[in-house]
Amino acid sequence: MTDWREKESKYFMRTGKRMDLVAVRGEGAHIWDEDGREYLDFFGGPATISLGHAHPVIVDALTDQAHQLIHVSNQFYSIPQLKLAELLIEHSCFDRVYFMNSGAEANEGALKLARKWGKEKKAGAFEIICADDAFHGRTLQTVTAGGTERYKTPFGPLPEGYLHVPFNDVDAVKRATTSNTAAIFLEPIQGEGGINVPDDDYFKQLRAWCDEQNILLILDEIQTGCGRIGTLFAYEYYGVEPDIMTLGKGIGGGVPLSAFLAKEHCAVFTPGDHGSTYGGEPLTTRVGHEVMRYIIENDIPAQVAKKGQLVERRLQSLLDRCPNVAAVRGKGLMWAVQFTSDIGERITNEALKNGLILNNVRPNAVRIVPPLTVTEEELEQGLAILEHVIEADAAATAK
Ligand SMILES: *Cc1c(COP(=O)(O)O)cnc(C)c1O
């Protein structure tokens, strides 16, 4: 049998450590490896496989669209792109949208928009206030906006104009604000940072500050958007309307699709300002349209909210029972279990051996972001494996 692990270490750039799984097939919340072993996928991308693997809606859209028209230049009108645009605008607080291929690219577009807005409407303001532990992608601008030093320092000199403050600290934002501040750029709930959930009034206070100071509020909803936390978009949960929002991951259900959306007052691009060869092509936007329509028509956010209560209940009992669990946090189907020490990788590896795919989002925490379509039964199964692994680890360490 082919040794894929050996091929990877021989041919592939060294950018990360892989989990010990050669994935060959997926269906719903399940993945199968090359030996036919079945796993429950509570990682899903992360948070990308919104409708699960091989959902018929996605498979049909891909197949049908591939026969019709995979790609056409953005110099032409494209029906799937315009249908998805209409759906997103009708179901959000925004007026205009542009499609890209990845989360980082959507954020780049949003940042360019904010810079141009600052130049034209706020006397050249260009500074962007970001958060520690934030994650916005891997391009030079987005690693600079992100909060992880390890992701940026090897690549300097870095772009200018990014300031960092602690997440969930309104006063820190106020102190960092100057007449040069163009935007505040945040995730509603930090994903890669470890599922950090801010206070319920954090964004309301920031919204008021932005209004007072004439600053744009940009929310990176690449992980929280499209039903993930139990509302269609996280800004609805927090009761604010951002000026700009980015989407990625779940919107394509696994195909490379992302978007940035803006209110009319800051949609300042004019012809020639931005573009993308693949961004918004018929194939991916057709899938995105079917995914979003499925999420909206089946009220997936409400189902996610209900499933989230189940997850919360079980994780809470884990916190009460297990001495190695320090905290549980999250909303909807976006959760993390934090441990009292750096056992995230060990727990993830053990869970994998027991048929559950997790992600050690931090050295001391694992993340749970299953498909939105995961059943309650599958959730119970997966969480039972997680509980077993955490309890066994506590018992082994106690010896
Ligand atoms: C994953 C993620 C990104 C980057 O998306 P890519 O598609 O990997 O470029 C940006 N922001 C957030 C919040 C994310 O979770």
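Reply: A crossing is called left-handed if the near helix is turned anticlockwise from the far one by less than a right angle, and right-handed if clockwise. Helices (H or I, at least four residues) and strands (E, at least two) are DSSP runs, numbered from the N terminus. By that rule, the crossing of H3 and H10 is right-handed. This is a predicted model, in which local features need pLDDT of at least 70, side-chain atom pairs count only at pLDDT 80 or more, and totals for chains, interfaces and linings use all residues. Residues are numbered from 1 along each chain as its sequence is written, and side-chain values use heavy atoms, with hydrogens and water left out.

Me: At what angle do helix H3 and helix H10 pack?

Reply: Two packed helices are described by the angle between their axes and the distance between the axes. Here H3 (residues 56-68) and H10 (residues 282-297) pack at about 150 degrees, their axes being 9 Å apart (axes are lines fitted to C-alpha atoms, for helices over the stretch in contact, and angles run from 0 to 180 degrees between N-to-C directions). H3 is therefore roughly antiparallel to H10 (under 35 degrees counts as roughly parallel, over 145 as roughly antiparallel, 65 to 115 as roughly perpendicular and the rest as oblique).

Me: How do strand S14 and strand S15 pair?

Reply: Two strands pair if DSSP finds at least two bridges between them. S14 (residues 359-362) and S15 (residues 365-368) pair in the antiparallel sense over 2 bridges, forming a hairpin with 2 residues between them, and Arg362 stands opposite Ala365 in S15.
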